[in-house]
Amino acid sequence: HHLLNKTTTTLIHTMVRWEGHEIGVISTLVGCVGILQGAMPKGWAKSFVHRQPVAAMSCFLFGVGLVLPVTVIPMRRALGFPTNQYDAEYPGTKYPKFEALE
């Protein structure tokens, strides 16, 4: 039980590090959805997808693009992959290893 708690705490500490841009991404997405839900009639999303599938797919890809930085970077940290493109100034950042340079 103690080992599981320690492992979970280490994993969360490794994965989650809020710098501020994540909060901006999430609040923008939540705000847009809230405005749409309040301004549009019931069933608007289903009607939108049915009537305008290309625009709906574009909106979906936009949402995926907003969520990727919030999810992929912490997963890379947890898996031990290099994150120097995102965390260059952060202590403990993992850099890629190139055999030709060693």
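Me: What makes the lining of the largest pocket nonpolar, polar or charged by class?
Reply: In this predicted model, the lining has 12 nonpolar residues, one polar and no charged residues. Val, Leu, Trp, Cys and Phe count as nonpolar, and Val 33, Leu 36, Trp 44, Cys 59 and Phe 60 lie nearest the centre of the pocket.

Me: Which elements give two or more residues to that lining?
Reply: They are helix H2 (21-39), helix H3 (44-51) and helix H4 (53-79). H4 provides the largest share, five residues. The space in the largest pocket comes to about 340 Å³.

Me: What makes the contact of H3 with H4?
Reply: H3 brings Phe 48, Val 49, His 50 and Arg 51, while H4 brings Pro 53, Ala 55, Ala 56 and Cys 59. By class these residues are six nonpolar, one polar and one charged.

Me: How do you know which pattern the protein chain follows?
Reply: The secondary structure comes to four helices and zero strands. Read along the sequence, that gives α-α-α-α.

Me: What share of the protein chain is buried?
Reply: Of the 102 residues, 13% are buried, where buried means under 20% relative accessible area.

Definitions and conventions
Residues are numbered from 1 along each chain as its sequence is written. This is a predicted model: local features need pLDDT of at least 70, side-chain atom pairs count only at pLDDT 80 or more; totals for chains, interfaces and linings use all residues. Side-chain values use heavy atoms; hydrogens and water are left out. On a 1 Å grid over the protein atoms alone, a cavity is a set of points where a 1.4 Å probe fits but cannot get out, and a pocket is an open set with protein on both sides within 12 Å along at least five of seven lines; lining residues have an atom within 4 Å of a point. Grid points are joined across faces, edges and corners, and a volume is the space filled by probe spheres set on the points. Contact means heavy atoms within 4.5 Å. Buried means under 20% relative accessible area, exposed over 50%, partly exposed in between (1.4 Å probe, protein chains only).
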